[in-house]
Amino acid sequence: MRKLSLAACAFALLSSLPVISSTSPMPVSFQAVPEIMVKFEEATEYRKKAVTLGRLPHKIELGKAFPTYVAGDDGKPALETENTVTKEVVIARNPSPVVGAVYNEWLVPKATWLDTYGELPLFDTFMPFKRAKSIKAIPITEEVLSLLGSLDGETAVIAVDWNDAGMKVYRDGYLTDGGYGIAPEEMQSTYEQIE
């Protein structure tokens, strides 16, 4: 009788199991989808009407993970992304909290901040800035979600510069020519259409 090694038995057992695929979608670079990009040719132009607060990182924050929260479907804060704080970023914040005392804060590369707001914060305390640059945005429709590979018809994950895991976008939200998404509630409360 032929004897099988432990490794051969393990291989035989594992190769007989079904392959389980991940249920997390891979981030999609929407800029590589011609059917989406053509929509930006006739896209509406918007400007942020609300101020954005900005500050330089505190020394103790450098090298640490920085979470960004949005409002979850259950009315509680939901983690959107998590990135590492460096000397080359500005910490941005919407003036109103997402829920309770939790604010929507995110990291912006200094070069992007300067291009968008015209000047950098000087201190590590929040100061108000008015956006100088406008954006073009298209609605995230059922068709757009499908082109982005949505698994549930309500959300998709787009590729972004600041997070390898991507950014979740929502039906009725917006995709911007800046390469990010805006949730429906945020678009309504903080942006205005340029006539």
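The model is predicted: local features need pLDDT of at least 70, side-chain atom pairs count only at pLDDT 80 or more, and totals for chains, interfaces and linings use all residues. Residues are numbered from 1 along each chain as its sequence is written, and side-chain values use heavy atoms, with hydrogens and water left out.

**Sheet and helix**

Four strands form an open sheet in the order β6-β5-β2-β7, with antiparallel pairing. The edges belong to β6 (102-109) and β7 (127-129); each has a single partner strand, so one side of each lacks a neighbour in the sheet. On average, neighbouring strands are turned by 40° against each other, direction ignored. Strands here are DSSP E runs of at least two residues, helices H or I runs of at least four, numbered from the N terminus. Two strands pair if DSSP finds at least two bridges between them.

β2 (residues 52-55) and β5 (residues 89-99) pair in the antiparallel sense over three bridges. Arg-55 has Ile-91 as its bridge partner in β5.

Helix α3 (residues 110-117) lies across β2, β5, β6 and β7 and runs at about 100° to β6. Axes are lines fitted to C-alpha atoms, for helices over the stretch in contact (heavy atoms within 4.5 Å). Angles run from 0 to 180 degrees between N-to-C directions.

**Aromatic pairs**

The whole structure holds five aromatic pairs. Rings of Phe, Tyr and Trp (its six-membered ring) pair if their centres lie within 6.5 Å; planes under 30 degrees apart count as stacked, over 60 as edge-to-face and the rest as tilted. Two of the pairs are tabulated here.

| Pair | Centre to centre | Angle between planes | Class |
|---|---|---|---|
| Tyr-46 and Tyr-174 | 6.0 Å | 65° | edge-to-face |
| Trp-113 and Phe-129 | 5.2 Å | 85° | edge-to-face |

Tyr-46 in β1 (residues 44-48) and Tyr-174 in β11 (residues 174-176) are 128 residues apart. Trp-113 in α3 and Phe-129 in β7 are 16 residues apart. Ring pairs join Trp-113, Tyr-117 and Phe-129 into a cluster.

**A loop residue**

Gln-31 sits in the loop between α1 (6-15) and α2 (34-37). Its relative accessibility is 39%, so Gln-31 counts as partly exposed. Leaving out residues up to four places away in sequence, Gln-31 touches Met-37 and Gly-179. Gln-31 and Ala-159 are 128 residues apart in sequence and 9.3 Å apart in space, C-alpha to C-alpha.

Terms used. Buried means under 20% relative accessible area, exposed over 50%, partly exposed in between (1.4 Å probe, protein chains only).
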